[in-house]
Amino acid sequence: MDKSTHRVMCKRVALLVILVCTSASVFTNAPFDQHADAKRMKRHVQRMQQVQPGTENSAETAALIDVDSGRILYEKLGDRRMRIASLTKIITAWIAVRSPKFNQTVTVSRNAVRQEGSSVYLAEGEKQTIRNLTYALMLRSGNDSAVAIAEGVAGSVARFASMMNADARKVGAQHSHFVNPNGLDHPEHYSTANDMALLTAAALHNPMFREIVRTKYYSMPWPNQPWDRKMKNKNKLLFMSEADGVKTGYTKKAGRCLASSMTKDGHQVALIVLRDGNDWVDSMRLLRYGLTAFERKPLVERFAQTVKIPVRYGVTATVGAHAVGHAIYPLKQDEQRDVRIVVHAVRSLSAPILKNQVAGTVDYVFHGKRIGSAVLKTDNDVKGSGFIGWLRGLFHRS
């Protein structure tokens, strides 16, 4: 064997050793020592605890959204077209969890295993449920998993991309176009921070999606191997803070990207930062801002009022009515003066009238957009008066 051939063989052996060691560090027969993980993360946790709410950040573009209402709470060049790397997998997972094939087994194709970049080392012909593949997609960012899901759900990557684009249009993400399920760079594959915030909020309404993206560890079968794939989520925010999602992303062209979420008192916000070299800290700062800078009270409590409805044939000339509803919209204290209340009350009610009788509706409008509505209901009973009132009461009782 000549020297050049010997060097090539040595390089191949070294590469094989690195690959084996790398895969063993991600997928191991031994369970993760979560206590040891927590100790290693202690310093980072302490750092994150010190991050104060605010909007200062290093992202090229960003968008913060209130998940329930869909309000964009903060944006920075939110409509700029950007590469989004593996944040693409949010849409892939959202389609997967809603698919009737989610619990079905699919066969991994050669096309799937040939995907470049991050991988969970699927083998051609391997059989996995789409459920398992979705966990691998979101915890370990498997590009091979993404294609296996796309082919399993839609039959081909092209048909799956059509589903992705249709879902984007449905949620109002008008500045996005997807050509693959994993986010590998392509000139016709792009989105914006605002669009990705809308898509992430829509996905977070799905219970299965929420469960997957907050999962820290997952075990997935590994056929023909002596151990399962025991996966740890790449999203460090899950280990360093009170965050509960969503997805990391990176390519050289896209830079560091992160979709994250956080919940407080039942209210959830989600954040997209694109091309952000300080994504972990920036995300904590903005998520905490979204949960502390805005009040979240039912609109009927925040803008309580009584409407007087004229009464015909009653012992009183009017009856009070109040708004009843549960609509919540995040508002800063100084924004409340910009909310306009539009009452659509009936012209009059004829006695006898019962308490909580419907008397119309109320709309709450903020900057020209209806942000919620409520039903007007009467405050009390009103008895009939005179012959007509008595006669109406007679029929009312019958």
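This is a predicted model: local features need pLDDT of at least 70, side-chain atom pairs count only at pLDDT 80 or more; totals for chains, interfaces and linings use all residues.

Biologist: Which sheet has E7 and E8 in it, and in what order are the strands?

Modeller: They belong to an open sheet of five strands, ordered E2-E1-E9-E8-E7, in which the pairing is antiparallel. E2 and strand E7 (243-251) are the edge strands, and each pairs on one side only. On average, neighbouring strands of this sheet are turned by 5 degrees against each other, direction ignored.

Biologist: And the other end, how many bridges join E1 to E2?

Modeller: Four bridges link strand E1 (residues 61-66) with strand E2 (residues 72-76), and the two run antiparallel. Alanine 62 is found opposite lysine 76 in E2. The hairpin of E1 and E2 has five residues between the strands, and glycine 70 takes a positive phi near 80 degrees there.

Biologist: What is the order of the open sheet of six strands?

Modeller: Its order is E12-E14-E15-E11-E10-E13, and the pairing is mixed. Strand E12 (339-345) and strand E13 (349-350) are at the edges, each pairing on one side only. Inside that order, strand E10 (residues 306-312) and strand E11 (residues 318-324) run antiparallel and are joined by five bridges. Valine 307 stands opposite alanine 321 in E11.

Biologist: Stepping back, how many helices and strands does the protein chain have?

Modeller: The protein chain has 13 helices and 15 strands. Of its 398 residues, 51% count as buried. Among contacts between residues at least 6 apart in sequence, 65% join residues at least 24 apart.

Biologist: Let us turn to the helices. Why is H3 described as largely enclosed by the rest of the structure?

Modeller: Helix H3 spans residues 89-98, and nine of its ten residues are buried, so H3 is largely enclosed by the rest of the structure. The buried residues are Lys89, Ile90, Ile91, Thr92, Ala93, Trp94, Ile95, Ala96 and Val97.

Biologist: At what angle do H3 and H7 pack?

Modeller: H3 and helix H7 (residues 157-170) pack at about 95 degrees, and their axes are 10 Å apart. Angles of 65 to 115 degrees count as roughly perpendicular, and H3 and H7 are therefore roughly perpendicular to each other. The contact involves Ile91, Thr92, Trp94, Ile95 and Arg98 of H3, together with Phe160, Met163, Met164 and Asp167 of H7.

Biologist: Which residues have the most contacts inside the largest nonpolar core?

Modeller: That core has 62 residues, and Leu87, Ile90 and Phe209 are those with the most contacts inside it. Helix H8 (residues 193-204) gives the most to this core, with eight residues. Leaving aside residues up to four places away in sequence, phenylalanine 209 touches Ile90, Ala93, Trp94, Val97, Met138, Ala203, Leu204 and Val246.

Biologist: Back to Lys89 for a moment. Which side chain does a polar contact join to that of lysine 89?

Modeller: The side chain of asparagine 143 does so, at 2.7 Å. Asparagine 143 is in helix H6 (residues 143-154).

Biologist: Is asparagine 143 buried or exposed?

Modeller: Asparagine 143 counts as buried because its relative accessibility is 2%, and buried means under 20%. Not counting residues up to four places away in sequence, asparagine 143 also touches Ser86, Gln115, Glu116, Gly117, Ser118, Asn182 and Leu184, besides Lys89.

Biologist: Now the loops. Where does serine 99 lie?

Modeller: Serine 99 lies in the loop between H3 and strand E3 (105-107). Serine 99 is buried, with a relative accessible area of 12%. Its side chain reaches the backbone nitrogen of lysine 101 at 3.0 Å.

Biologist: And asparagine 224, where is that?

Modeller: Asparagine 224 is in the loop between strand E5 (217-220) and strand E6 (229-232). With 80% relative accessibility, asparagine 224 counts as exposed. The C-alpha atoms of asparagine 224 and glutamate 126 are separated by 9.5 Å, although these residues are 98 residues apart along the chain.

Technical notes: Residues are numbered from 1 along each chain as its sequence is written. Side-chain values use heavy atoms; hydrogens and water are left out. Buried means under 20% relative accessible area, exposed over 50%, partly exposed in between (1.4 Å probe, protein chains only). A polar contact is a pair of N or O atoms within 3.5 Å; within protein, one must be able to donate a hydrogen and the other to accept it, and residues adjacent in sequence count only if both atoms are side-chain atoms. Two strands pair if DSSP finds at least two bridges between them. A nonpolar core is a set of buried Ala, Val, Leu, Ile, Met, Phe, Trp, Tyr and Cys residues joined through side-chain atoms within 4.5 Å. Contact means heavy atoms within 4.5 Å. Axes are lines fitted to C-alpha atoms, for helices over the stretch in contact, and angles run from 0 to 180 degrees between N-to-C directions. Angles under 35 degrees count as roughly parallel, over 145 as roughly antiparallel, 65 to 115 as roughly perpendicular and the rest as oblique.
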